[in-house]
Amino acid sequence: MNSTRTTTVTCPNCGRGNRIPVAAEGRPRCGHCKQPLPWVVDAGDDDFAEVADNATVPVIVDLWATWCGPCRMVSPALEQVARDLAGRIKLVKVDVDMNPQLSRRFEVQAVPTLLVLDKGETVGRQAGAAPAHVLRAWVEQTMAGRQPTVGG
């Protein structure tokens, strides 16, 4: 499946709207000021492989449900992390009630469940809501654990 679906993202640097593909190689940049853009997209059973598993940057997966209060609280915090780490990560949101195959694949027992994927492999997992600074530290620590060590 070759997706041409796009999402619109406002550049946090200059405020311009940018249309970016939900699935693409590389990292999105603002067409006006050329700064990295936060990459926040929705995915489901039908397009998760293309959108998340095949991504060239680490992917934060937010497995959530519409009826979940903590999910609604963590969503803005995750979007803040995506802005803070623009150009370094992709945030993919999955509604578990609408996407049962992904719920089974990731063995979701509670929502929100947050994952860090590297080339489709789960390298970090956390259940429950947390503030943006805690989530960012978790994401950065998880990504650092995946980096090759220098001089070691």
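Buried, in this talk, means under 20% relative accessible area, exposed means over 50%, and partly exposed lies in between, with a 1.4 Å probe and protein chains only. Helices (H or I, at least four residues) and strands (E, at least two) are DSSP runs, numbered from the N terminus.

The structure before you is a predicted model, in which local features need pLDDT of at least 70, side-chain atom pairs count only at pLDDT 80 or more, and totals for chains, interfaces and linings use all residues. Residues are numbered from 1 along each chain as its sequence is written, and side-chain values use heavy atoms, with hydrogens and water left out.

I begin with strand β5. Both of its faces are covered: K90, V92 and V94 on one side, and L91, K93 and D95 on the other, are all buried. Why is β5 described as largely enclosed by the rest of the structure? The reason is that six of its six residues are buried. As a general point, side chains in a regular strand alternate between the two faces of the sheet.

Two strands count as paired if DSSP finds at least two bridges between them. An open sheet of five strands runs in the order β3-β5-β4-β6-β7, with mixed pairing. Its edge strands are β3 (40–42) and β7 (121–127), each of which pairs on one side only. From one strand to the next, the twist averages 25°; for such angles, axes are lines fitted to C-alpha atoms, for helices over the stretch in contact, and angles run from 0 to 180 degrees between N-to-C directions.

Which strands run parallel to β5? Strand β4 (residues 59–64) is joined to strand β5 (residues 90–95) by six bridges, and the two run parallel. β3 and β5 also pair in the parallel sense, over three bridges. Individual partners can be read off the model. K93 in β5 is the bridge partner of D62, and D42 also stands opposite K93. V61, for its part, stands opposite V92 in β5.

A second hairpin is formed by β1 and β2, with six residues between them; G15 in the turn has a positive phi of about 85°. β1 and β2 pair in the antiparallel sense over five bridges, and the partner of V9 in β2 is N18. Strand β2 (residues 17–21) has a covered face, made of N18 and I20, and an uncovered one, made of G17, R19 and P21.

A pocket is found on a 1 Å grid over the protein atoms alone, as an open set of points with protein on both sides within 12 Å along at least five of seven lines; the probe is 1.4 Å, and lining residues have an atom within 4 Å of a point. The largest pocket has a volume of about 150 Å³, a volume being the space filled by probe spheres set on the points, which are joined across faces, edges and corners. Its lining consists of T7, T8, V9, T10, P38, V40, E79, A82 and R83. The elements that give two or more residues to this lining are β1 (6–10) and α2 (69–84). β1 gives the most, with four residues.

I close with the cysteines. The link of C68 and C71 is right-handed, with 85° about the S-S bond, and both cysteines are buried. C30, by contrast, is in no disulfide; the nearest cysteine sulfur, that of C14, is 3.6 Å away. C30 counts as buried because its relative accessibility is 2%. C33 has its closest cysteine sulfur, in C11, at 3.6 Å, which is too far for a bond. At 22% relative accessibility, C33 counts as partly exposed.

Methods: A disulfide is a pair of cysteine sulfur atoms within 2.5 Å.
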